[in-house]
Amino acid sequence: MMKSGVTDVEGLVREEVPVPDPGPGEVRVRVRAVSINYRDQLVLRGWFGRLEGRDLVPLSDVAGEIDAVGEGVEGWSVGDRVTNLHFKEWEDAPPTTGNVDLGLGALDDDGVLAEYVVLSAERVTRAPGNLDFAEAATLPVAGVTAWHAVAVDHPVVVGQKVMTIGSGGVSLFVLQLSRAMGAEVFAVVRRDDKGERLKEMGVGAFVNSTDNPTWGEAVFEASGGGVQKVVDTVGPGTLNQSIGALGAGGEVAFVGLFEMEGDPVDVMALMGKTASLRGIAVGSHRMHRDLVEAVERYDIHPVIGDRFAFADAKEAFRAQVSPGVFGKVVVELS
Ligand SMILES: NC(=O)c1ccc[n+]([C@@H]2O[C@H](COP(=O)([O-])OP(=O)(O)OC[C@H]3O[C@@H](n4cnc5c(N)ncnc54)[C@H](OP(=O)(O)O)[C@@H]3O)[C@@H](O)[C@H]2O)c1
């Protein structure tokens with residue numbers, strides 16, 4: 001629990017509360033795993049998603065089993081394995097004003113770092129049959145964001161080239177999905193050891209941005225004339241390098257919230273390449289369901305860098321922002 005005013009992981013507290021009962025149209029999920037996103041760090045720090053005077057249960061992504069079903073719920077039974085859907089009401093593309101909210105664990109919506117959570121029956125969907133609970137808990141934000149970036153509106157096709165940045169949850173999903181879709185992947189990393197690990201996962205070549213500040217150009221050259229898709233998981237600070245890596249007609253799918261300061265967007269480079277820039281906000285319920293099918297079809301297993309017990313949730317928050325992180329950080333409950 002994040003008490004009102006708490007902005008540091010040390011301030012998180014564990015509280016005993018009665019097990020909640022589902023009301024009409026709701027289901028109760030026995031939580032088996034939750035995953036942490038960078039966004040949860042921002043909520044904890046108070047950068048967004050906090051209401052004055054409101055205590056908040058953190059985290060937005062959960063996987064578990066339905067263990068009670070409220071009145072009038074159809075289609076769900078006790079024992080069903082589910083994950084949550086991130087946005088309350090964004091069913092299908094395109095979004096409308098008002099249906100892209102902040103998800104669970106923000107503002108007035110308590111999150112999922114708990115033993116049991118009650119959710120609207122419309123807010124859950126089946127977990128992929130090939131994943132364990134920890135793996136399934138990585139889908140609602142990181143997985144769906146990656147799917148939105150590579151498979152929706154400007155989808156990656158066989159033989160295309162894709163560029164990722166770093167080895168975080170979103171980038172590793174982009175890598176796995178792009179490879180499954182038949183693309184070649186180039187990575188930009190800040191440490192060679194991570195680049196080598198990415199090569200073991202199917203990256204064709206990597207560029208170290210610490211050694212090479214004009215890494216966009218380096219990727220353009222290494223890829224033989226630019227990539228068709230960059231998923232920029234860093235922010236405005238890397239956007240112009242990302243545009244530099246693009247080939248003609250390519251797209252930057254813009255996701256990142258790490259570096260919010262940057263130069264003005266190089267619109268002339270965008271025009272010269274007839275390229276596009278697309279903002280990504282996680283994704284719709286439809287995108288999540290399509291991702292579940294893709295994960296099963298390609299037998300994709302999300303990369304989990306660290307697993308923690310519920311009692312060690314504070315450690316999990318720390319691990320998620322540690323320099324060694326490679327993939328998702330998950331808290332598991334028995
Ligand atoms: N728009 C959306 O809907 C949406 C959805 C999900 C995530 N996001 C945002 O997308 C970003 C990635 O999310 P995630 O869940 O994948 O995060 P994550 O797992 O925490 O990602 C960590 C990775 O990002 C790299 N990184 C961090 N800061 C960097 C920088 N300044 N320059 C280059 N690389 C950097 C790290 O590189 P090192 O290994 O070198 O440390 C690490 O590999 C976050 O900013 C997150 O808030 C946005």
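Q: Is Val282 buried or exposed?
A: The model is predicted, so the reading starts from computed values. To judge burial, count the other C-beta atoms within 10 Å of the residue's own; with 20 or more, the residue is buried. Val282 has 25 of them, so Val282 is buried.

Q: Which residues does Ile280 touch, and where is Ile280 found?
A: Ile280 is also in the loop between β11 and α9. Leaving out residues up to four places away in sequence, Ile280 touches Thr145, His148, Ala149, Ala253, Phe254 and Val255. Ile280 counts as buried because 21 other C-beta atoms lie within 10 Å.

Q: What is the phi of Leu107, and is Leu107 buried or partly exposed?
A: The general idea about phi applies again: for most residues other than glycine it is negative. Leu107 is not a glycine but has a positive phi of about 50°. Leu107 sits in the loop between β3 (81-84) and β4 (116-120). With 16 other C-beta atoms within 10 Å, Leu107 is partly exposed.

Q: How many helices and strands does the protein chain have?
A: The protein chain has ten helices and 13 strands.

Q: What is the radius of gyration of the protein chain, and what does a compact globule lead us to expect?
A: The idea is to compare the chain with a compact globule of the same number of residues. For 334 residues, such a globule would have a radius of gyration near 20 Å; the protein chain has 20 Å, so the two agree. Along its principal axes, the C-alpha trace spans about 60 × 40 × 40 Å. Of the 334 residues, 45% count as buried.

Q: How much of the contact pattern comes from residues 24 or more positions apart?
A: Among contacts with a separation of 6 or more, such residues account for 68% in the protein chain.

Q: What does one such residue look like? Where is Ala63, and what does it touch?
A: Ala63 is in strand β2 (residues 61-69). Not counting residues up to four places away in sequence, Ala63 touches Arg32, Ala33, Thr83, Ala127, Phe133, Ala136 and Ala137. Ala63 has 30 other C-beta atoms within 10 Å, so Ala63 is buried. The C-alpha atoms of Ala63 and Glu332 are separated by 9.6 Å, although these residues are 269 residues apart along the chain.

Q: Which domains does the assignment give, and how far apart are their centres?
A: The domain assignment gives domain 1 (9-138 + 302-332) and domain 2 (144-279). Domain 1 is written as two stretches of the chain. The centres of the two domains, taken over C-alpha atoms, are 28 Å apart.

Q: Which residues touch the most other members of the largest nonpolar core?
A: They are Val174 and Val219, in a core of 85 residues. The largest share of this core comes from α3, with eight residues. Domain 1 and domain 2 both give residues to this core, so it lies between them. Val174 is in contact with Ala146, Ala149, Val150, Val162, Thr164 and Val231, leaving aside its neighbours within four places in sequence. There is also a second, separate core of five residues, Met2, Val43, Leu44 and Ala106 among them.

Q: How many residues surround the ligand, and which are the closest?
A: The shell has 29 residues, and the closest are Gly166, Gly168, Val170, Arg190 and Leu257. By class, the shell has 14 nonpolar, ten polar and five charged residues. At least two residues of the shell come from each of α1 (38-45), α3 (139-151) and α4 (169-180).

Q: Why does the ligand's shell lie between the domains?
A: Both domain 1 and domain 2 give residues to the shell around the ligand, so it lies between them.

Conventions:
Residues numbered from 1 in each chain as written. Predicted model: local features only at pLDDT ≥ 70, side-chain atom pairs only at ≥ 80, totals over all residues. Near = placed C-beta within 6 Å. Helix = DSSP H or I, 4+ residues; strand = E, 2+ residues; numbered from the N terminus. Nonpolar A, V, L, I, M, F, W, Y, C, P; charged D, E, K, R; others polar. Domains from an automatic or database assignment. Buried ≥ 20, exposed ≤ 12 C-beta atoms within 10 Å, placed from the backbone. Rg over C-alpha atoms; globule rule 2.2 N^0.38 Å. Contact = placed C-beta atoms within 7 Å. Core = buried A, V, L, I, M, F, W, Y, C linked by C-beta atoms within 7 Å.
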